[in-house]
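Work through the exercises below with the sequence and the coordinates open. Each task is followed by a solution in steps.

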Amino acid sequence: MTSDVPTKERATENSADVSPSRTAWVLALVPLALLAALLLGIVWSDPAQSLRPESYPLVERLAFQRVMLDETGIVASILNDGPDVVTIAQVLVDDAYWMFSADPGTELKHLGRTTLRIPYPWVEGEAHIVKVLTSTGTPFEYEIAVAVSTPKPSGRFLAVFTLIGLYVGVIPVAIGLLWFPFLARLSSRSMDFLLALTVGLLLFLLVDGVQEGLESGSALPDAMQGTALFVLGAFGAFLLLEGVGGWLRRQKGAGTGDGSGDSGAWVLAVLIAVGIGLHNFGEGLAIGSAFSLGEAALGSLLIVGFTLHNTTEGLAIVAPLARARQRVGIGHLVRLGLIGGVPTIAGAWLGGFVYSPVWAVLFLALGVGAIAQVAFQIVRQLAGDRPVVRQLAQGSVLAGLLAGFGVMYATGMLVG
Amino acid sequence: MPWGITRRSWLRVAGLGSLAGGLVSGSKLAGQQGVSHPASHDGHLAGPVGRVSTADYDPTAFLRSWNFSHLPPAERAQFYTETPRPDGTLLREYELHSVDREIEIAPGMFFPAWTFNGQVPGPTIRATEGDRVRIRFKNLGSHPHTIHFHGWHPPAMDGSLPGQEVHPGESFVYEFDADPFGLHLYHCHAIPLKRHVHKGLYGAFIVDPRPTSGSRPPADELVMVMNAFDTNFDAENEVYAVNTVANAYANDPIRVTVGQLVRIYLVNITEFDPVNSLHLHSMFFDVYRTGTSLTPSEKTDTLMLCQGERAIVEAVFRYPGDFMFHAHQSEFAELGWMGFFKAEEK
């Protein structure tokens, strides 16, 4: 491209109105119209058909979306993940042909869904394999690792999931917040250490979330493009929080008349709480779904580890407030704790009752995006006016980063 | 794992399980409650859903048909003729064609089979000891095939040796004497062997004893070929059956008469599994292994046959009613190899 082209464009822009003229719109539509014509042409002539003779087998792909167990048997929702129409012919449970009904039907178009009801006498606590056979006899398999009744929304179950959420999210975060008075008395060097520690903690959660998100993403049906969905969610959450943070800062700034450090610290604390809240929401989802899949076993050492692990999240929320030497009322702390912890409860409900792998990936992605944004914010705050690299090279900061990651790693070991 | 729940996150959950358990003192999580009342164990719930069309191939008609006896005379003459020979034996001439064809092996499930004359198992060939058997084989399929008969014959008629493949569009005439009397089989012996066999190229070959050898008493005679289909070609079968169609005789019981001798020509051609078996409920039967003797080799209610092995089974139904029969490998039974006899008073 020659250098004079942009100049010409600018010249035309300047001479014309700011908004695109009618001619410009038409010009924008021409490629679209051509594209539509091309698509019609492809559908009409079907060039791929010449590569795919009559006898060529169908591309059959089915994915199990959700499998539930109740007193009537097994209920499985199935998605056609492939390009061609797939017809479900038979259902095998543990290698035995079994009766089933399909709602709305057995013929699934691309991305079509159906729900199979299989009156199979499953055995509590044991494993079962459900196999769907298509009209060509191609089997698609789902393993019920441990058969338990799928929880249905009921008062008691809601209460149990709420309690789980409280213990996983709200209480550990709240305990972490109680460090605030102590943190507020520390020297500024210790403060740098503390913020770096927070970044270390968050980086750990980031690694954890990315791993789980990508893993879950790759397990999704191909059409859902799990990895892309995960990146999209994470990127979206990051940018959204950047925007929200900017907006909050402007609001605070307008209120106090200046954009003081105090309000900056408050905004940062809120953002961290939101980030951790989103992360905990994803965690709640995983927990709820694991319960509904019957994968919960017993072990009390693990509870201890888990509580330790999540207490550090509270610490991360209040660290920027302490560093800014800001006076914080108990009401504010409670609010921060609720933002960070309560989503776990909602996540557990959702995961337990309306388990969906697609939503799981999306929420893991949101958590990751939020955590990344918060870590980024804290590093910015740590650095102040100095170059980030110079600030990070300080001994206290390096030690903090390492300690943060190390604490998470060590407590993570306790929970597996 | 459907949700990609990592070891870490689910161990976490594991910890929570005990936590929640403690919190809801005494009351257990609904999901972890003792054995509830799962779906009914009603036997009608098992088995494939729906019915297979019998327009092209009727398993019930197959049972009692040999030498194309199920066809109207004019049509039958195109595939089978018999000509008396001076020594009193017959020249039996058959037209067998290999044809690629999609067959319905369980309701709604279609298998891209290679067939003899469009059906699996192929037409039952039945001759008397000493008869001349002449098979005009035409390969109308897409791959080279052969017909390999069990029985006495010169190697040139074996259909298994290198160079004996009959290529698509070509023909070959197999000719030999029916010998010895007994229950035999025929199948394609082109390579890869497993594929050519399990795709459906096989059938039963019955040789009745000549009068000088003795005779079997009159009976209601049934041909049963135990076979199976690997629908996704992973060397494991998805459908097991007698005479191809899963649960065919569970849906349409085989009607027999109380007190009348029933003779079953039982052939095992199941690929990928070392053995198959027949278990007949509520009775015992006589077994003539390979059918080469007129004296029963054993009396049992469960008979095991290796692939290619066969036996003549003679049973008399003592009581009226339904008699279940199936492979006594429960797995095969639940994958389609199960049926009923319905015994009725005369």
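The exercises cover domains, a helix and a sheet.

The model is predicted: local features need pLDDT of at least 70, side-chain atom pairs count only at pLDDT 80 or more, and totals for chains, interfaces and linings use all residues. Residues are numbered from 1 along each chain as its sequence is written, while chains are lettered from A and ligands numbered from 1 in the order in which they are written.

**Exercise 1.** Describe the side of domain 1 of chain B that touches domain 2 of chain B.

Step 1. Take the bounds, which come from an automatic or database domain assignment: domain 1 of chain B spans 59–212 and domain 2 spans 220–344.

Step 2. The C-alpha centres of these two domains of chain B are 21 Å apart. Counting two residues as in contact if their C-beta atoms, placed from the backbone, lie within 7 Å, domain 1 of chain B gives 27 residues and domain 2 of chain B gives 31 residues.

Step 3. Elements are DSSP runs numbered from the N terminus: helices are H or I of at least four residues, strands E of at least two. Those giving two or more residues to the domain 1 side in chain B include α2 (59–63), β2 (90–106) and β9 (202–208).

Step 4. Sort by class, with Ala, Val, Leu, Ile, Met, Phe, Trp, Tyr, Cys and Pro as nonpolar, Asp, Glu, Lys and Arg as charged, and the others, Gly among them, as polar. The domain 1 side in chain B has 20 nonpolar, five polar and two charged residues.

**Exercise 2.** Why is helix α10 of chain A largely enclosed by the rest of the structure?

Step 1. Call a residue buried if 20 or more other C-beta atoms, placed from the backbone, lie within 10 Å of its own.

Step 2. In α10(A), the buried residues include A:Pro343, A:Ile345, A:Trp349 and A:Leu350.

Step 3. Nine of the eleven residues of α10 (343–353) of chain A are buried, so the helix is largely enclosed.

**Exercise 3.** Give the strand order and the edges of the open six-stranded sheet of chain B.

Step 1. Two strands pair if DSSP finds at least two bridges between them. The order in chain B is β11-β10-β13-β18-β15-β16, with mixed pairing.

Step 2. In chain B, β11 (239–242) and β16 (298–300) each pair on one side only and are the edge strands.

Step 3. B:Met226 has B:Val242, in β11(B), as its bridge partner.

Technical notes. Buried ≥ 20, exposed ≤ 12 C-beta atoms within 10 Å, placed from the backbone.
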